[in-house]
Amino acid sequence: MVDSSVPRPFSHVMSVDVEDYFQVEAFAGSISRSDWERFPTRVEANTHLILDLFDEHGARGTFFLVGWVAERFPSLVREIVARGHEPACHSYWHRTVYSLTPEEFRADTRKAREVIEQVGGVRVLGYRAPTWSITKDCLWALEILAEEGFQYDSSIYPIHHDLYGVPHAQRFAYTHALQGGRQLREFPPATIRLAGCNFPAAGGGYLRIFPLFYTEWAFRHIERKYRQPVVVYFHPWEIDPEQPRLPEKLRSRLRHYTNLRKMVDRLRALLERHSFCPFRDLLEMKETPGREPAKAQVG
Ligand SMILES: [Zn+2]
């Protein structure tokens, strides 16, 4: 284990989208939200394992909580706060932003944030859309987040994907200049640029399915070439090989179940080699443009 008292040159970000295995978008077509109560829940136990793993390595993270989960497991939110991590908002009902009207989005976000702040006892500064669903079709969501008092967003994935992504968005932290002089910081998940395209580097299914040496290479590359933090993300169900299997289409099953058994070891390897802080710590840092030439900015 690395001595966490030794300052390391870079703090990266480990972010966790706290939702249960039956709430993911891949299963949304066949599991109605009104049925969520019927499933045996595993999110609390899995998140506790993550908290222990982070403690072992002196890492602190950002936990984007689904409001539905925060409401049912208030002691989990309090535990996240008590152990030095940042609670943030991952919507209430885990619906994609582009499927909502602006009014529905505002109501859902407000409800989730109120629950998390009430049970956690701290202010919520950050938002992450379910399934990276702030796309070119719903950039109005950024205005609403700023109006609602959020300081940052981490929902715009600068890649091509069938469900999400804004391929030409910036790859490293930037600031949206919004109406009324409002601003919102954006923290994109890590990507690698190859042959003119951006590829996911350190998150979710990609972290499970791509070999660990690819992720490690991405860390080294982003540190050396861009001097920027690597934003990692994953979900509590991704460390849980024992979760009940849901009868789904092959593609959804492949995305959801591949390499669940390897995930804890991969996280442990990253936690041993790198230092991690919550997004809120990065808000203090001045904007430092990477060496990459400026790309078309979203927002
Ligand atoms: Zn999610």
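Trainee: Is the crossing where α3 passes α4 left-handed or right-handed?
Mentor: α3 passes α4 in a right-handed crossing. A crossing is right-handed if the near helix is turned clockwise from the far one by less than a right angle, and left-handed if anticlockwise. Helices (H or I, at least four residues) and strands (E, at least two) are DSSP runs, numbered from the N terminus. Before we go on: this is a predicted model, where local features need pLDDT of at least 70 and side-chain atom pairs count only at pLDDT 80 or more, while totals for chains, interfaces and linings use all residues. Residues are numbered from 1 along each chain as its sequence is written.

Trainee: Which residues make the contact between α3 and α4?
Mentor: On α3 they are P74, V77, R78 and V81, and on α4 they are I116, V119 and G120. Two residues are in contact if their C-beta atoms, placed from the backbone, lie within 7 Å.

Trainee: And at what angle do the axes of α3 and α4 cross?
Mentor: Roughly 70 degrees, and the axes of α3 (residues 74–82) and α4 (residues 102–120) come within 8 Å. Axes are lines fitted to C-alpha atoms, for helices over the stretch in contact, and angles run from 0 to 180 degrees between N-to-C directions. The two helices are therefore roughly perpendicular, a term for angles of 65 to 115 degrees.

Trainee: New topic. How many helices and strands does the protein chain have?
Mentor: Ten helices and eleven strands. The radius of gyration, taken over C-alpha atoms, is 18 Å, close to the 19 Å that the globule rule gives for 299 residues, so the chain is as compact as a globular protein of that length. That rule is 2.2 Å times the number of residues to the power 0.38.

Trainee: What share of the residues is buried?
Mentor: 44% of the 299 residues. Buried means 20 or more other C-beta atoms within 10 Å of a residue's own, exposed means 12 or fewer, and partly exposed is in between; the C-beta atoms are placed from the backbone.

Trainee: Where is W132 found?
Mentor: In the loop between β4 (126–127) and α5 (140–147). W132 is buried, with 27 other C-beta atoms within 10 Å. Its phi is near 50 degrees, a positive value in a residue other than glycine.

Trainee: Is A195 buried or exposed?
Mentor: Exposed, with 5 C-beta neighbours inside 10 Å. A195 also has a positive phi, about 50 degrees, although it is not a glycine.

Terms used:
Parallel < 35°, antiparallel > 145°, perpendicular 65-115°, else oblique.
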